[in-house]
Amino acid sequence: MPTMTRTTALLLALLPLMPMAAPAQEAPPLGIGLEGFGYPYPVRFLALSRDGEAQRLAYMDVAPTGTANGRTALLLHGRNFPASYWAPVVAALTGAGYRVVAPDQLGFGKSSKPIGPFTFDAMAADTVALLDHLALRRVDVVAHSMGGMLAVRLARNAPDRVNSLVLEAPLGLEDYRFSVPPVANDTLLKREGELTAAAYRRQLMTSYALSLPESAIEPFVEVRERVKGAGEYPRWLQSFVNSYTMIWGQPVVHEIPLLPMPTLFVMGGADHNAPGKPYAPPDLAARMGRNADNATALAARMPNGRAIVFAGIGHLVHMEATDRFDAAMLEFLDGH
């Protein structure tokens, strides 16, 4: 099988949701499991249970295209993105000889949408169940945004399963509870439910300080809009809100210095994203989101931590600076 180029991989990730040319018409609704939305690689499912209900964890399991090195990279996605956005990273890793496993956590992408409270401990347990299912004893973890918080909890709960960590613009580098008051579930549901396509597009571009054109994030805006037409949209909405509550109320920053495995933070210098900032008092909000500085300080307190910062890059480092991200990631992984 020929090696997929980074450009091809990125296009494959984005094409399924790209608006088609004429005839102009409203895009059809998507089911909350993104039924009919293509991923760049085949998707499989692992049966799990949550909230007393049967659930399905979706994942891609991609074989190396280069000479196999016997190692597996586990990719953990962020809150606003399905695992399909990892396409360029998958191409880089498989081309370098890695097997790649990229799940959608429960509540995201093609996986089931539980409506009970979310916890990073439960997500970590689900991830271990997937590794057990695939007979993977030890993996290298590459995690983005919310996935970085999950990666920390996975590494804390199952340290023998994690060889090394690459944390791309991770959340959780501060304790959001110190700045943001609790927000009622009904308030969160109302705010998320009323978010228009234009407002969501603006939120991604500004909160994430993206150096990408708006067209690059349009697929993510469109998928959110199309899900609104699903019969189970209220379930999707509650599930999405639960993920915010988890991020706000389950800090990992206090545990990061305790991680013993080699850890690389890859940060965008322009990324000042901080969940809950709109709910914080102005004086506290102004001090939130110093992510590159926080990562550098935390890395210095770790037994084997390092941080690199890409100036002028925002929250989606692997899409904004694909070649530099891939090079830094592979140099680090190959060295451990």
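Author: Let us begin with a helix residue: R191 belongs to helix α5, residues 185-193. Helices (H or I, at least four residues) and strands (E, at least two) are DSSP runs, numbered from the N terminus. The model is a predicted one, in which local features need pLDDT of at least 70, side-chain atom pairs count only at pLDDT 80 or more, and totals for chains, interfaces and linings use all residues. Residues are numbered from 1 along each chain as its sequence is written, and side-chain values use heavy atoms, with hydrogens and water left out.

Reader: Does R191 count as buried, exposed or partly exposed, and why?

Author: Buried means under 20% relative accessible area, exposed over 50%, and partly exposed in between (1.4 Å probe, protein chains only). The relative accessibility of R191 is 31%, so this residue counts as partly exposed.

Reader: Which residues does R191 touch, leaving aside those up to four places away in sequence?

Author: Contact means heavy atoms within 4.5 Å. R191 and V241 are 50 residues apart in sequence, and their C-alpha atoms are 9.7 Å apart in space. Not counting residues up to four places away in sequence, R191 touches Q203, P278 and Y279.

Reader: Where is V100 found, and what is its relative accessible area?

Author: Strand β4, residues 99-103, contains V100. V100 is buried, because its relative accessible area is 1%.

Reader: How far apart in space are V100 and D140, C-alpha to C-alpha?

Author: Beyond four places in sequence, V100 touches M60, D61, V62, A73, L75, V90, L93 and T94. V100 and D140 are separated by 40 residues in sequence, and the C-alpha to C-alpha distance is 9.5 Å.

Reader: With which side chain does the side chain of R161 make a polar contact?

Author: R161 lies in the loop between α4 (146-157) and β6 (162-168), and at a relative accessible area of 9% it is buried. A polar contact is a pair of N or O atoms within 3.5 Å; within protein, one must be able to donate a hydrogen and the other to accept it, and residues adjacent in sequence count only if both atoms are side-chain atoms. Residues touched by R161, not counting those up to four places away in sequence, include V128, L131 and R138. At 2.8 Å, the partner of the R161 side chain in a polar contact is the side chain of D132.

Reader: Is L34 buried or exposed?

Author: L34 is in the loop between α1 (6-14) and β1 (43-50). Although L34 is not a glycine, it has a positive phi of about 50°. Its relative accessibility is 6%, so L34 counts as buried.

Reader: Is A135 buried or exposed?

Author: The loop between α3 (120-133) and β5 (139-144) holds A135, a residue other than glycine whose phi is positive, near 55°. With a relative accessible area of 68%, A135 is exposed.

Reader: What is the radius of gyration of the chain?

Author: The radius of gyration is taken over C-alpha atoms, and the globule rule is 2.2 Å times the number of residues to the power 0.38. For 336 residues, a compact globule would have a value near 20 Å; the chain agrees with this, at 19 Å.

Reader: How many helices and strands has the chain, and what share of its residues counts as buried?

Author: The chain has 12 helices and 8 strands. Its C-alpha trace spans about 50 × 50 × 45 Å along the principal axes. Of the 336 residues, the share that counts as buried is 58%.
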